[in-house]
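Trainee: I would like to learn how to read a protein model step by step. Could you take me through one, giving the general idea before the particular case?

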Amino acid sequence: PHLFAYVRTHPGDTSDRVLVVCNFDDSPQSLEFSDLRGQGRFRLDDLRDLYTGVRPESAGDALDVPAFGFYWLTDRRP
């Protein structure tokens, strides 16, 4: 309930996707990728954060989002 997540695609290239995840809580939260049904297939191993340029921390099939943190994730290669 403390996470807000959505997927954006480029109007001209629907394969160019960004998964935005924001944590509005003062403690870390976890997002299960199985909760993203219908949003396309994201592989956690392929994602990197557009803001920092690094891969986010994960545990299994879940994304760990730090307190009041956010990610702009893409699986597109630079």
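**Reading the model**

Mentor: Let us begin with a residue and its place in the chain: Tyr 51 is found in the loop between strand 4 (48-49) and strand 5 (58-59). Please keep in mind throughout that this is a predicted model.

Trainee: Which elements make up the protein chain, and in what order do they run from the N terminus on?

Mentor: The protein chain holds 7 strands and 0 helices, and from the N terminus on the order is β-β-β-β-β-β-β.

Trainee: Does Tyr 51 count as buried or exposed?

Mentor: The general idea is a cut-off, since a residue counts as exposed when its relative accessible area is over 50%. Tyr 51 has a relative accessibility of 62%, and therefore it counts as exposed. Tyr 51 also belongs to a nonpolar patch on the surface, which it forms with Leu 50, Phe 70 and Trp 72, and together these residues have about 460 Å² of accessible area.

Trainee: What share of the residues of the protein chain counts as buried?

Mentor: Of its 78 residues, 32% count as buried.

Trainee: With which residues is Leu 44 in contact, leaving aside its neighbours within four places in sequence?

Mentor: Leu 44 is then in contact with Phe 33, Arg 55, Ser 58, Gly 60, Asp 61, Ala 62 and Leu 63. For the chain as a whole, if we take the contacts between residues at least 6 apart in sequence, 53% of them join residues at least 24 apart.

Trainee: How many aromatic pairs does the structure hold?

Mentor: There are 2 aromatic pairs, and one of them is formed by Phe 4 and Tyr 6, whose rings lie 5.4 Å centre to centre with 50 degrees between the planes.

Trainee: Why does Phe 4 count as partly exposed?

Mentor: That class lies between the cut-offs of 20% and 50%, and Phe 4 counts as partly exposed because its relative accessibility is 46%. Tyr 6 is likewise partly exposed, with a relative accessible area of 35%.

How values were computed: Residues are numbered from 1 along each chain as its sequence is written. This is a predicted model: local features need pLDDT of at least 70, side-chain atom pairs count only at pLDDT 80 or more; totals for chains, interfaces and linings use all residues. Side-chain values use heavy atoms; hydrogens and water are left out. Patches are made of residues with over 30% relative accessible area and no salt bridge: like charges are joined within 9 Å, nonpolar side chains (Val, Leu, Ile, Met, Phe, Trp, Tyr) within 5 Å. Accessible areas come from the Shrake-Rupley method with a 1.4 Å probe; for residues, only the protein chains shown count as cover. A salt bridge is a side-chain nitrogen of Lys or Arg within 4 Å of a carboxyl oxygen of Asp or Glu. Helices (H or I, at least four residues) and strands (E, at least two) are DSSP runs, numbered from the N terminus. Buried means under 20% relative accessible area, exposed over 50%, partly exposed in between (1.4 Å probe, protein chains only). Rings of Phe, Tyr and Trp (its six-membered ring) pair if their centres lie within 6.5 Å; planes under 30 degrees apart count as stacked, over 60 as edge-to-face and the rest as tilted. Contact means heavy atoms within 4.5 Å.
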